[in-house]
Amino acid sequence: MRPRPEPAPGCTPCAYLASWFDHYMRRGPQHDESAAVDCAVEIRNHPHDPPKMTLKDTDPTGGRSRGAMP
């Protein structure tokens, strides 16, 4: 089972997407993990101020990324 995505507080589109995620993850004829993942990705990518996810200027090992400015 996939973890439930957490919508941004007060964001109506994210709340709806989380509800659709729950709908698609239920057992039965409406079960559709692909659609549930789509909802999770939309929540993750939905713009917020401040953003839910930011890119770091280093790679996971601590080195500078190729696009980072000196």
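**Core and salt bridge**

Author: Let's begin with the core: the largest nonpolar core has 10 residues in all, namely Ala8, Cys11, Cys14, Leu17, Ala18, Phe21, Met25, Ala36, Cys39 and Ile43. Helix 1 (12–25) and helix 2 (33–45) each bring at least two residues to this core. Bear in mind that this is a predicted model.

Reader: Which helix gives the most to this core?

Author: Both helices take part, each with at least two residues. With five residues, the top contributor is helix 1.

Reader: What is alanine 18 in contact with, leaving aside its neighbours within four places in sequence?

Author: Alanine 18 is one of the residues of the largest nonpolar core. Once neighbours within four places are set aside, the contacts of alanine 18 are Arg4, Pro5, Pro7 and Ile43.

Reader: And arginine 4, what is that in contact with, under the rule that leaves out neighbours within four places in sequence?

Author: Arginine 4 has its place in the segment before helix 1. Skipping neighbours within four places in sequence, its contacts are Ala18, Phe21 and Asp22.

Reader: How many salt bridges does a search of the whole structure find?

Author: Arginine 4 and aspartate 22 form a salt bridge through their side chains, at 2.9 Å from N to O. Searching the whole structure, the count of salt bridges is one.

Reader: Why does the pair of aspartate 22 and arginine 4 tie together parts that are apart in sequence?

Author: It comes down to where the two partners sit: aspartate 22 lies in helix 1 and arginine 4 in the segment before helix 1, so their pairing links parts of the chain separated in sequence by 18 residues. In space, C-alpha to C-alpha, arginine 4 and aspartate 22 are apart by 7.7 Å.

Reader: Is arginine 4 buried, exposed or partly exposed?

Author: Its relative accessible area is 38%. Buried needs under 20% and exposed needs over 50%, so with 38% arginine 4 comes out as partly exposed.

Reader: What is the relative accessible area of aspartate 22?

Author: Like arginine 4 at 38%, aspartate 22 counts as partly exposed. For aspartate 22 the value is 27%.

Reader: What share of the residues of the protein count as buried?

Author: The protein exposes about 5,700 Å², and carbon and sulfur atoms supply 56% of that. Of its 70 residues, the buried share is 19%.

Notes
Residues numbered from 1 in each chain as written. Predicted model: local features only at pLDDT ≥ 70, side-chain atom pairs only at ≥ 80, totals over all residues. Heavy atoms only, no water. Core = buried A, V, L, I, M, F, W, Y, C linked by side-chain atoms within 4.5 Å. Buried < 20%, exposed > 50% of the residue type's maximum accessible area, 1.4 Å probe, protein only. Helix = DSSP H or I, 4+ residues; strand = E, 2+ residues; numbered from the N terminus. Contact = heavy atoms within 4.5 Å. Salt bridge = Lys/Arg side-chain N within 4 Å of Asp/Glu carboxyl O. Areas by Shrake-Rupley, 256 points an atom, 1.4 Å probe, with all protein chains shown as cover.
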